Amino acid sequence: MPGAPDVVLAWRAPLPDEELGELIRSHGGDPVPGWWDRIRPFSLGWVTARSGTLLVGFVNVAWDGGDHAFLLDTKTRGDRQRTGIGALVVREAVARARSAGCEWLHVDFRPELRPFYLDACGFRPTDAGLVHLLPPR
Ligand SMILES: CC(C)(COP(=O)(O)OP(=O)(O)OC[C@H]1O[C@@H](n2cnc3c(N)ncnc32)[C@H](O)[C@@H]1OP(=O)(O)O)[C@@H](O)C(=O)NCCC(=O)NCCS
């Protein structure tokens with residue numbers, strides 16, 4: 001595809017916790033060591049994007065065990081953002097969730113990311129609800 005980022009996508013490929021932590025740091029995040037190792041057992045699967053051996057993109061797909069899958073933690077390496085990698089990993093996650101037999105893929109996001117999820121990734125807006133379960137900080 002012309003203009004497509006030069007990356008290799010994989011589904012459920014090995015991904016050490018430390019490597020995902022380094023990706024999170026690259027876009028200014030503050031990873032909690034052991035976070036990915038802890039949540040991976042609850043994942044339907046995850047997409048990695050690599051440029052050579054370097055991890056440049058990631059998204060996780062959680063699952064209810066039936067029709068519903070949930071897109072979580074889309075991440076693109078800081079210096080590779082706005083090159084199409086995020087949309088590419090999400091597109092792959094959509095295809096993988098469909099292949100796994102899911103009917104619905106949900107996502108929520110900050111308002112400024114509407115152009116990313118709704119326009120670039122093809123999600124449609126819907127009513128949704130949210131309860132914050134922890135005491136206010
Ligand atoms: C959100 C994120 C994953 C987007 O990844 P990306 O690889 O930069 O996205 P893409 O290059 O595929 O973007 C495709 C289009 O989506 C839109 N878009 C992407 N990021 C956007 C942003 N921050 N604000 C508004 N629109 C955005 C643009 O229309 C973009 O096309 P353009 O660059 O030609 O204008 C990336 O910014 C990121 O990792 N952020 C830090 C982690 C995070 O907040 N993740 C979201 C969790 S819900």
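View 1. Helices (H or I, at least four residues) and strands (E, at least two) are DSSP runs, numbered from the N terminus.

View 2. Five strands form an open sheet of mixed pairing, in the order β1-β2-β3-β4-β5, and two strands are said to pair if DSSP finds at least two bridges between them. The edge strands, β1 (8–11) and β5 (104–106), each pair on one side only. On average, and with direction ignored, neighbouring strands of this sheet are turned by 25° against each other. Strands β2 (residues 43–51) and β3 (residues 54–63) run antiparallel and are joined by eight bridges; Ala-49 stands opposite Gly-57 in β3.

**View 3. Two helices against the sheet.** Helix α1 (residues 17–26) packs on the sheet, touching β3 and β4, and its direction makes about 105° with that of β3. Helix α3 lies across β1, β2, β3, β4 and β5, running at about 35° to β3. Contact means that the C-beta atoms of two residues, placed from the backbone, lie within 7 Å, while axes are lines fitted to C-alpha atoms, for helices over the stretch in contact, and angles run from 0 to 180 degrees between N-to-C directions.

**View 4. The protein as a whole.** The four helices and five strands of the protein follow the pattern β-α-α-β-β-β-α-β-α along the sequence. Along its principal axes, the C-alpha trace spans about 40 × 35 × 30 Å. Residues 24 or more positions apart account for 58% of the contacts with a separation of 6 or more.

**Notes to the views.** Residues are numbered from 1 along each chain as its sequence is written. Because the model is predicted, local features need pLDDT of at least 70 and side-chain atom pairs count only at pLDDT 80 or more, whereas totals for chains, interfaces and linings use all residues.
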